[in-house]
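Trainee: Please take one part of this model and go through it closely. Then place that part in its chain and in the complex.

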Amino acid sequence: MIQYEKFTLENGLRVLVHTDESTPMAVVNVIYDVGARDENPEKTGFAHLFEHLMFGGSINIPEYDEPLQMAGGENNAFTTNDLTNYYCQLPAENIETAFWLESDRMLSLAFDSKSLDVQRKVVCEEFKEHYINKPYGDAWHKMRELAYTVHPYRWMTIGKELRHVEEATLQDVKDFFYKHYTPINAILVVAGNITVEQVKELSQKWFGPIPSGTKYNRQLPVEPRQTAPKMMEVKASVPLDALYKCWHIYPRLDKRYYVTDLITEILSGGGSSRLFQALVKEKQLFSNIDCSHYGSTDAGLLSITGKLVKGVKMKDAEAAVMEEIVRLQQEGISEQELQKVKNKTESMMAFEDMSVMNRATNLAMYELLGDADLINKELEMYQAVTREELLNESRAIFDESNCNTLYYYSDN
Amino acid sequence: MIDRAKSPLIKDAIEFNLHLKPYEKFVLDNGVEVYSIHAGAQEVLQLELVFFAGNTYEKQNGLAAATNYMLRNGTSTKTAFQINEHFEYYGAYCNRTSNNETASVSLHTLSKHVNELLPLMREMITDSVFPEEELEIYKQNSKQKLSVNLQKCDFVANRLIDAYLFGEQHPYGKYLVAADYDALTTDMMKAHFQQYYKNGNIVIFVAGNLPLDLFAQLNSQFGDLPITTSHQLPKKDIIIPASQKKYRVINDPNGVQGAIRIARPFPGRHHPDFMNIMVLNAVLGGFFGSRLMSNIREDKGYTYGIHSYVQNHFQDSAWMISTEAGKDVSEATMEEIYKEMKLLTEEPIDEEELLLVRNYLIGSILGDLDGPFQIIGRWKNIILNNLDHQYFYDSITTIKTIPAEELMGLSKKYLQPSDWYELLVI
């Protein structure tokens, strides 16, 4: 059970406090309700580029990192298709430094053109390092474009192409900031060796005076139901053929999300999972196989991906995957197998909760989803999943017309 | 109105008194040492059986890693599937790791299930049978993975630089090629297992929320085995460094980035300069505010990240600078690296910068000591290196007090470009 208190400042900033006196540290986590899905399709990758610029100096403080390091702190941030999250950890005695730094960059950035020039380059190198200069690095770009027709999950957080990042202007940066980086669109979580009173006082002092901003109401195109299977082939300079298959699943807050999550565990959650045992160990068609999903806020994708053993034909490998799916759809799973994946989920959550940083970030993410209380309710949701629900969902999700397939061939 | 240009008062992290929670030590009936940290609010624990069975001891390239990997792939009474299913049913994770000297089997579990899992761990380390068909699958999949990795400039660069520093025969410098996998046999694995696991040299580390009867359980599962603890490290292998210092390798003609590794041999943890170099390394490239990062990423935008570190070896070590930079700015990146090295030999680090580095390091150790797994991790490093708590407190004192002049002296001693290997892989 994770205890927390919540209050809202007059400007609309939501503040959550989680006290843990066993640590000498404090964590300050700020989440902004903006991600790659909120980007202009002609300017993708911007939310993430912007995250980099948040470290390039704010209106009253030329450097973000230095004063934090001087106070014994460290920090980082990440951007997803759904949100942007900033976190720092420092000795609890110095917590006010984090309030000072975080509130100033919520108030306004310095909008320094040198910082934009440099970070455009840094992000382009990040793009190259992870998506161009790596074998199979472009597979997810292609898969997203195949699976989504209108929803902005069509592109990856890093962006559709280098050009979009290269062409970002200072005006784009300003517009984005004033639209999204305001108290009304943010959530502050403070955790660790601090008291609620302390956080109330500090957040009023530092964040209270910031103008509220306008609530951003997202109106994204809804992805229409897919009615026929889609498929794509590519040939690239990689050593092995690879298979990627994706099916549309449910939004994060849909009750069926928990069922779907357990399905991925059953199929590939470890050495005794079905796909690994059947396809890597027994039939030896794949050298690795993985079933997963991103846990995205809007309806996401469940994927099965794997590299084929040299000499195996794509059609045979794919047929074997489908054979396992059909077995799931026809026979369902045993009570023992269901208990196994529930137990795994329980222990995964316990390990995740060990770090105060994880607890802070999770509280912020759940509050952004609409209810911080979910942090204490999720285990129950998993425990309540039945064999019958699992059977029904495996039939609904793995419907042929809901499927997207990418054959990624080696060119040698 | 608050003055936002003015920073709030801080307590310098160097004023903090860091405390490394002491371990409790138990000795099993056969002399095996168990080091434990009982702490944490979550009902979880981590157990690690550390064997001296790493690649230093192997008689064939890749044997130590393969033997360690296959500990989960079958005993005389259970198949790989049954072993995995047992751990996973209890929501537990059993992992294997093989390093240069040590090779471990670890368990992460909810504390309430540990007694259901220890007997299986005993079985794995006493009765693994290394089935032929499991080895064939391992060979095939490892070779496939290798073929993908060999396309990556960073992977290739990491292999080559270690080979230049230590020589291809040295445990720290050797690397695997496909033919090494082909040469593995189950007989070799059984022999390695017999010598280094079944009758091996082991230390046990456990941390988390520990059940009251845990030591009785550990003693009953592991206390009657012909294993024991000895703190003798293997004799040093001979280092044969490459005579050529500069390398340019084209691995992928279509590559858009270059992997840069600039490295020099460096004495190990027991050398008197070691702790001091930790501070100098932080200034150079050890954290986000370091000089390399500030210059090459935050000023020039040549890379997504650049880091320097001293390799964590038991014996001789190496000091390494590592980055992936745009292909057209790779040479410029290397020039900047040498400029930063030179600057450290010519001008003392100013007090403000040095205070920042000290505060940052202390703050990060303070954060790092948060939680039982982190604390046992620190102890593991100290114990396996034959050091004691004094090493931890001395390193804190070094961070807090080492003067700038001394760091400049160390720079002159260690940052001479002619001592450094230089590699670019595109």
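Mentor: Take the open sheet of chain B, in which 5 strands follow the order β7-β11-β8-β10-β9 with mixed pairing. Two strands count as paired if DSSP finds at least two bridges between them; strands (E, at least two residues) and helices (H or I, at least four) are DSSP runs numbered from the N terminus. The model is predicted, so local features need pLDDT of at least 70 and side-chain atom pairs count only at pLDDT 80 or more, whereas totals for chains, interfaces and linings use all residues. Residues are numbered from 1 along each chain as its sequence is written, and chains are lettered from A and ligands numbered from 1 in the order in which they are written.

The edges of the sheet are β7 (246–249) and β9 (303–310) of chain B, each pairing on one side only. On average, neighbouring strands are turned by 10 degrees against each other, direction ignored. Axes here are lines fitted to C-alpha atoms, for helices over the stretch in contact, and angles between N-to-C directions run from 0 to 180 degrees. Within the sheet, β8 (257–266) and β11 (421–425) of chain B run antiparallel and are joined by 5 bridges. I262(B) has E422(B) of β11(B) opposite it.

One helix on this sheet comes from chain A: α4(A) packs there, touching β8, β9 and β10 (317–326) of chain B, and its direction makes about 75 degrees with that of β9(B). Helix α10 (291–299) of chain B also packs on the sheet, touching β9 and β10 of chain B, at about 160 degrees to β9(B). Contact between two residues means that their C-beta atoms, placed from the backbone, lie within 7 Å.

Now the interface between the chains. It brings 59 residues of chain A into contact with 62 residues of chain B. Several elements of chain A give two or more residues to it, including α3 (95–107), α4 (113–132) and α12 (335–352). The most, 8 residues, come from α4(A). By type, the chain A side divides into 18 nonpolar, 21 polar and 20 charged residues. Ala, Val, Leu, Ile, Met, Phe, Trp, Tyr, Cys and Pro count as nonpolar, Asp, Glu, Lys and Arg as charged, and the others, Gly among them, as polar.

In chain B, the domain assignment gives domain 1 (24–222) and domain 2 (246–425); such bounds come from an automatic or database assignment. Their centres, taken over C-alpha atoms, are 30 Å apart.

Chain B as a whole has 15 helices and 11 strands. Its radius of gyration, taken over C-alpha atoms, is 24 Å, close to the 22 Å that the globule rule gives for 426 residues, so chain B is as compact as a globular protein of that length; the rule is 2.2 Å times the number of residues to the power 0.38. Of the contacts in chain B between residues at least 6 apart in sequence, 80% join residues at least 24 apart.
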